[in-house]
Amino acid sequence: MIACVLIPGFELRAALRSQPSVALRAAALSPEPGTEPLLGPVTAAAEAAGVRPGMRMGEALATCPELVLVERDPAAVEQAWEAILRALEDAGFSVDSAEPGYAYFETRGVERLYGGLDPALRRALAAVGAAWDARIGAADRRFAALAAASVARAGQVLVVSDEQTQEFLAPLPLTLLPLERERYQELEALGVRSLGQLAGLPGAAVAERLGPDGRRAWSLARGGPAARVRGRRPPAEIVEALEFPEAVGNELTLRRAFGALLDTIMARPERHQRFVRKVAVSARLVGGGSWRRTATLRDPSADRDRIRAALAPKLAELPAPVLELRLELVALTESDGAQLELVAAGAEDRARLSDGLRQVRASTGSGSVCTVVEVAPWSRIPETRALFVPRDE
């Protein structure tokens, strides 16, 4: 079976770890800078006061004047989620992280280790820790597992068999589907408000009205495709940090600090002359919160100038003075290099293609590389002739 570990409102929970007293008050994650003023996850007290995730900030403050806005802390989110993933891996689970807050793993390899499906899922909950109020859903398909985890209570394990999948999904809301807000509104205007109602429509009609996204949503509403979970490669993360005695807002000073961190981290023995594939810079800001930017190099490199050119300009995006600057080598290559002149052309091309696919996955996530699978080549509608399916390595 496929299991999904879900922690609702994970970004807010991670940001509140440094200020636990706020977790008991009406609070919400502030909107992302430069986007619509829509709130992120909210605390239980805020929800009881009538505040909902996705609500406009002005409406939320009018509904609950004492609402506390919590600054986003992407560095804390990344570190907390990585700690959870490593705890799951230490317990024997090979996880595939979709995004911070939920991850998938297969139970087939660990059921015998822990004495059955339920004990294995309970062990996964224990590995995450009770403080996160995680819940787990298990099913034969990814989307069904995610849906089961979404309706489970904190600390609960919910298992849905393949025979029960359609019946289980039918009453659930459309918000479980990865659709844009306009698509939800369009479906609701047509009287479609649940997964069962969407699954009952002809797939060709849905694809004609909503395009490829609608066709994929229709497929998910019917349970989604059956696909195996491929565990991630644990990141070879190397970190260097520099704490300033006073807050620094001067870009030139920050660039010099970045250069010093880069020289130090590239000289670390753990790197062992491996090339850098993905690198990140983060900062702890004055007044709370953090800032984080990542860069995936087109060609893995150990050239300091290339890494500096990829990340140093992003320091101009810092929204506030900095108390601490961190540099992380998130992903490294497996080997020191390749003697291309000793490799046959066909094998070389395949190696470069495989390296390029790994680069895309490192930059955009495990589900970003897809292959085209024909499902209805006879259809007169181009969008229904084939589907994009995540490609395995």
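Contact here means heavy atoms within 4.5 Å. Helices (H or I, at least four residues) and strands (E, at least two) are DSSP runs, numbered from the N terminus. This is a predicted model, in which local features need pLDDT of at least 70 and side-chain atom pairs count only at pLDDT 80 or more, while totals for chains, interfaces and linings use all residues. Residues are numbered from 1 along each chain as its sequence is written, and side-chain values use heavy atoms, with hydrogens and water left out.

**View 1. Helix α12 meets helix α13.** In α12 (residues 251-266), F258, G259, L262, D263 and M266 touch R304, I307, R308 and L311 of α13. The axes of α12 and α13 (residues 304-311) come within 11 Å and cross at roughly 135 degrees. Axes are lines fitted to C-alpha atoms, for helices over the stretch in contact, and angles run from 0 to 180 degrees between N-to-C directions. The contact of α12 with α13 holds five nonpolar, one polar and three charged residues. Ala, Val, Leu, Ile, Met, Phe, Trp, Tyr, Cys and Pro count as nonpolar, Asp, Glu, Lys and Arg as charged, and the others, Gly among them, as polar.

**View 2. Helix α4 packs against helix α6.** α4 and α6 (residues 117-128) pack at about 140 degrees, with their axes 8 Å apart. I84, A87 and L88 of α4 meet A124, A127 and V128 of α6. By class, this contact of α4 with α6 has six nonpolar residues, no polar and no charged.

**View 3. The open sheet.** Five strands run in the order β4-β5-β1-β6-β7, with mixed pairing. Two strands pair if DSSP finds at least two bridges between them. The edge strands, β4 (95-99) and β7 (157-159), each pair on one side only. Neighbouring strands of this sheet are turned by 20 degrees against each other on average, direction ignored. β6 (residues 135-139) and β7 pair in the parallel sense over three bridges. G137 stands opposite L158 in β7. Helix α4 (residues 74-90) packs on the sheet, touching β1 (2-6), β4 and β5 (102-106). Helix α7 (residues 142-151) also packs on the sheet, touching β1, β4, β5, β6 and β7.

**View 4. R292 and E78 form a salt bridge.** Their side chains meet at 3.6 Å, N to O. R292 lies in strand β10 (residues 290-301) and E78 in helix α4, 214 residues apart. A salt bridge is a side-chain nitrogen of Lys or Arg within 4 Å of a carboxyl oxygen of Asp or Glu.
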